[in-house]
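Here is a brief report on one model.

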Amino acid sequence: MKKNMKTIQLKNRPEGKPTLSNFEFVEEDKTLTITEGEILLEAAYVSVDPYLRGRMSDAKSYVEPFKLNEPVHSGVVAKVTASKNDEFQVGDYVSGMLNWSTQQVSNGEGLNKVDPEKAPLSTYLGVLGMTGLTAYLGLTEIGKPKAGETIVVSGAAGAVGSVVGQIAKILGLRVIGIAGTDEKIEMLKSKFGFDEGINYNTTKDMKSAIAEAAPNGVDVYFDNVGGPISDAVLFSINQFARIIICGAISVYNETELPKSISVQPFLVKNSALMQGFIVSNYAEKFPEAIQKLSGWLTEGKLTYTETIVDGFDNIPQAFIDLFEGKNKGKMIVKI
Ligand code: NAP
């Protein structure tokens, strides 16, 4: 008989690249009940994100690792199907960190109501959610971009990168994007208005390609990938350049510490700044950032793309596919 509830748990920790065998599907026939203050939720959209790779390992980080044999969780948009909490009505949609479960009970803590009339529900996991906030706050708070400057964005065709490049264009910068396919480079230019694009998979000499695309040098580098791509950018940075370390997806699956060039001489010689960040560092600025992002969306200055994968069972594969660059823009699973 078909069971009515599915959950995805972490079965074991990946060595190197994550695989489907790291996940366990648990199917149950269960009627969830709620008590005073609780709500019952049905998952509608699930976000898969590169940072989840870090939580699958038990290395110390800024968030707790996932526990073995317990549900994996990430950003989810869910529908309220029953409520004993005055703040939420049946039919409301909420967004927050929730389990990879078709149904679950919550006390509402940490959940935000989202309005499907104002924007498509999936956008609350992307351009109007965590990745949009990361793009805006990383760029403005650390990058301090100024009109006329040149920015390089790596992972440029992904959720964060595609928004960074567009905001930089709005702010008057020359924007160069680095991504993994010609189709993505074409999209950066035609859909998102980037000035130049470099396909790192077909470019033999990244150092020269970056120097050529940025004849006046690089003032801001928004780094989503780390590794050799980022090493190559360092050769073109200008005096007082700002290097925003948002992510390092190219090394998340490495089992040994990757070898890299020494950044110090580049930073000293150029009086440059390199700073990592976690979007939650700027939590107090989220309302202001969302206002900016939704304003630009309404005005048509900002757009977005999403790769929507269908079906709860495909959540782990969608996550794994991030490391193969199978997404354009935000990777989301529709339940
Ligand atoms: P995303 O860019 O939408 O998806 C990942 C992309 O990374 C893929 O589409 C792929 O595109 C690229 N990629 C995969 N393996 C690569 C490799 N070995 N070398 C170079 N590129 C590779 O993901 P996202 O959610 O926007 O996240 C982007 C980065 O920001 C990640 O590093 C993530 O961890 C980080 N992040 C940080 C924060 C924070 O608070 N600091 C918040 C959100 C995200 P290609 O086809 O171009 O290779």
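The sections below go from model basis to ligand, voids and residues.

## Basis of the model

This is a predicted model: local features need pLDDT of at least 70, side-chain atom pairs count only at pLDDT 80 or more, and totals for chains, interfaces and linings use all residues. Numbering starts from 1 along each chain as its sequence is written, and side-chain values use heavy atoms, with hydrogens and water left out.

Helices (H or I, at least four residues) and strands (E, at least two) are DSSP runs, numbered from the N terminus.

## Ligand surroundings

One is with the side chain of Lys184, where an N or O atom sits 2.6 Å from a ligand oxygen. A polar backbone atom of Gly180 is 2.8 Å from a ligand oxygen. For Val279, a polar backbone atom is also 2.8 Å from an oxygen atom of the ligand. A polar contact is a pair of N or O atoms within 3.5 Å; within protein, one must be able to donate a hydrogen and the other to accept it, and residues adjacent in sequence count only if both atoms are side-chain atoms.

## Asn199

Asn199 belongs to strand β10 (residues 196-199). Its relative accessible area is 7%, so Asn199 is buried. The classes are buried (under 20% relative accessible area), exposed (over 50%) and partly exposed (in between), with a 1.4 Å probe and protein chains only.

Beyond its neighbours within four places in sequence, Asn199 contacts Ala179, Gly180, Thr181, Asp182 and Ile185. Contact means heavy atoms within 4.5 Å. Lys184 is 15 residues from Asn199 along the chain, and their C-alpha atoms are 8.3 Å apart.

## Second largest pocket

The second largest pocket has a volume of about 270 Å³. Of its 16 lining residues, Asp223, Gly226, Gly227, Ser230 and Ser260 are the closest to the centre. The search uses a 1 Å grid over the protein atoms alone: a cavity is a set of points where a 1.4 Å probe fits but cannot get out, and a pocket is an open set with protein on both sides within 12 Å along at least five of seven lines. Lining residues have an atom within 4 Å of a point. Grid points are joined across faces, edges and corners, and a volume is the space filled by probe spheres set on the points.

Which elements each supply at least two residues of this lining? They are β11 (218-223), α6 (227-234) and β12 (237-245). Helix α6 gives the largest share, four residues. By class, the lining of this pocket has nine nonpolar, four polar and three charged residues. Ala, Val, Leu, Ile, Met, Phe, Trp, Tyr, Cys and Pro count as nonpolar, Asp, Glu, Lys and Arg as charged, and the others, Gly among them, as polar.

## Cavity

The structure holds one cavity of 30 Å³ or more. The largest cavity has a volume of about 50 Å³. Its lining includes Gly126, Val127, Thr131, Tyr304, Thr305, Gly329 and Lys330.

Helix α3 (residues 159-170) supplies the largest share of this lining, three residues. Four lining residues of the largest cavity are nonpolar, five polar and one charged.

## Buried residues elsewhere

Ile315 lies in helix α9 (residues 315-321). With 0% relative accessibility, Ile315 counts as buried. Apart from residues up to four places away in sequence, Ile315 touches Ile8, Val46, Val48, Trp100, Val333 and Ile335.

Asp92 sits in the loop between β4 and β5 (93-99). Why does Asp92 count as buried? Because its relative accessibility is 18%. The Asp92 side chain makes a polar contact of 3.5 Å with the side chain of Lys113. Leaving out neighbours within four places in sequence, Asp92 also contacts residues including Ala78, Lys79, Val80 and Glu87.

## Positive phi values

Asn69 has phi near 60°, a positive value in a residue other than glycine. Asn69 lies in the loop between α1 (52-56) and β4 (73-83). Its relative accessibility is 53%, so Asn69 counts as exposed.

Lys144 is not a glycine either, yet its phi is positive, about 40°. Lys144 is in the loop between α2 (130-143) and β8 (150-154). At 49% relative accessibility, Lys144 counts as partly exposed.
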